[in-house]
Amino acid sequence: MAAAGLLLGVMVILLLLGFPMMVPLLASTLIVLLAGFSFLDPTVLIQQMIGGVQPAVLTAVPMFIFAADIMTRGRTADRLLDVAMSFVGHLRGGLPIAAAVSCTLFGSVSGSTQATVVAMGGPLRPKLLRAGYSDSFSIALLINASDIALLIPPSIGMIVYGVVSGTSVGELFIAGIGPGLLILGMFSFYAYWVARREGVAPEVRASFGTRIAALRKAALPLLFPVVVIGGIYSGLFSPTEAAAISVLYALVLEVIIFRAVRLREVPALALSTGVITAVVFILVAAGNAFSWVISFARIPELLLGDLLVAAAADPTLLLAVIAVAYFVGCMFVDPIVVILILTPILAPAIAGSGLDPVLVGTLVTLQAAIGSATPPFGCDIFTAMAIFRRPYGQVIRGTPPFIIMLLGATALVILFPSIALGLRDLAFR
Amino acid sequence: MAEFPRHPAWAALKSLDRGIEQMEKLVLAGSVLLMAGVNIANVFGRNFLGQTLASAEELNQILMVLITFMGIGYGVRHARHIRMSALHEQLPGPWRKGLHMVICAGTALLLAALAYHATRYVGEVRTLGSVTPALQIPLYLIYLWVPVGLGLGVLQYGLALLGNLMAPGTYLSLHRTEGCEPPEGGA
């Protein structure tokens, strides 16, 4: 128990002080190793860090980020937005519904919530404000709808969870679609209700010709999720191969067809991808060392002894505990870090309960998505503050209804697992 | 950048640092581009020619080690490492700067300890003489980048500490003061 206390104590203190996240993970691991297991050579920590970034499926992370970087610079976002507007813009609440749909569509090509906030938030917020929606509603809608990107494949969070927990990334991708669409439906209904309450007039209905034109312009970006999801769903591609194809697709689309990105800009985009990947992967490496030491020291069993017994008896209770643990964690810390810390701690409980690991993974990713936009420290709040140049209070004011809807979606997934597993079973079973 | 005293040692340090930055950029961007090329070729090879590049997985693993560890220093340089800065930012100016110096020193110390163990590990691997199965590259040449990357991280945190000691303002890195953080922080 002393080892568990030491490990968690050191980690929490360093984390709160504002050390880069790799430090709490690595310092606590090193201290437990030196204090509790002096017979082990600390080079084992280096071995584990290197081993952490060797799984082949992790290659998908830089590839999806690279594709997203290329498309964020190019025209994909605009075209997806135009097509969503031309089809639902005339409905009551049509503009925010189109915004939520566009964020979901962009999430299905980018896999990163922050890339989605940046790409979609920029053009959408002024439109929402001009139409008469309040700023707090507009910002809250944009950051929460962007978080659907974490659930809709490709998803960086799911790749990391799949690697850490040993769950199939392809199955996780497919299982995220159902909850993602459920949340999109909830947000659309809320947008309709807000538009009615505020008396915001709908936009003019787009003509048939306008719709066809928007559809034609967006045809290639729209084909992108078909290729990625369809390829994985049909078993044609592994997630890693789908990621490589998405880079090629993004390059052909933005450099050759749209001519929105010049070839000489590509190395700079690759550098940006390299940096984002590096800061995530150093955490994955540190997380692997951390995960190794806690399972070596049997810390999960020490911490969760009673829960393990209770969980074996009631898997639904365990799912609820998992959801709360990840939700609270993600309110404070970056979701990737929460996944890296909590997954190995909870792994024995999940393995003993007989729960479907894909269901657990979907639920975890859902909590990561909620946490990314939830005060006090959801990371998308800070992205929104930076790109919209709005103070913290204004960015979070509109979020409570969204959090309630997302928690509702969590409860629905726990009670009706087929929301997530239905499509997965169709594709893989 | 801060206006530091015009000392020849300082100027030399700065030009060395610029050289290192260029190398880090080259490694990061080059690795991503190479990885994209290898994996795209591999998909086509598997689906259309019925054969995969045996070396593709190995190359991916090498490139991931390069990106992960050679990106440490560049991440510090541009204040991109993920951290929970919210509580830290509530502190009044001098306290914030003080805590930041503790963070720089502590992180540099930890990375230095890791670099030391990584160097020992590379030595062990070298003695064993293992090579990768497909490309027959000695493993130690790949793992060598781990202590190098960790060492560059030590250098950057050391320089940030120096910046904070020598000039007013809080230096997140030698190149970046507070208040100019980039909009996006991670994946």
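A salt bridge is a side-chain nitrogen of Lys or Arg lying within 4 Å of a carboxyl oxygen of Asp or Glu. In this predicted model, one such bridge joins the side chains of Asp41(A) and Arg120(B), with 2.5 Å from N to O. The count between chain B and chain A is two salt bridges.

By class, the side of chain B that touches chain A has 32 nonpolar, 14 polar and seven charged residues. In this grouping, Ala, Val, Leu, Ile, Met, Phe, Trp, Tyr, Cys and Pro count as nonpolar, Asp, Glu, Lys and Arg as charged, and the others, Gly among them, as polar. Chain B brings 53 residues to the contact and chain A brings 64, where contact means heavy atoms within 4.5 Å. About 5,300 Å² is buried between the two chains, and carbon and sulfur atoms give 78% of that area; buried area is the accessible area (1.4 Å probe) lost when two parts are put together, summed over both.

Now to a residue of chain A. Leaving aside residues up to four places away in sequence, Phe66(A) touches Val247(A), Val266(A), Leu269(A), Ala270(A) and Thr273(A), along with Val32(B), Leu33(B) and Ala36(B).

Residues are numbered from 1 along each chain as its sequence is written, and chains are lettered from A and ligands numbered from 1 in the order in which they are written. Local features need pLDDT of at least 70 and side-chain atom pairs count only at pLDDT 80 or more, while totals for chains, interfaces and linings use all residues; side-chain values use heavy atoms, leaving out hydrogens and water.
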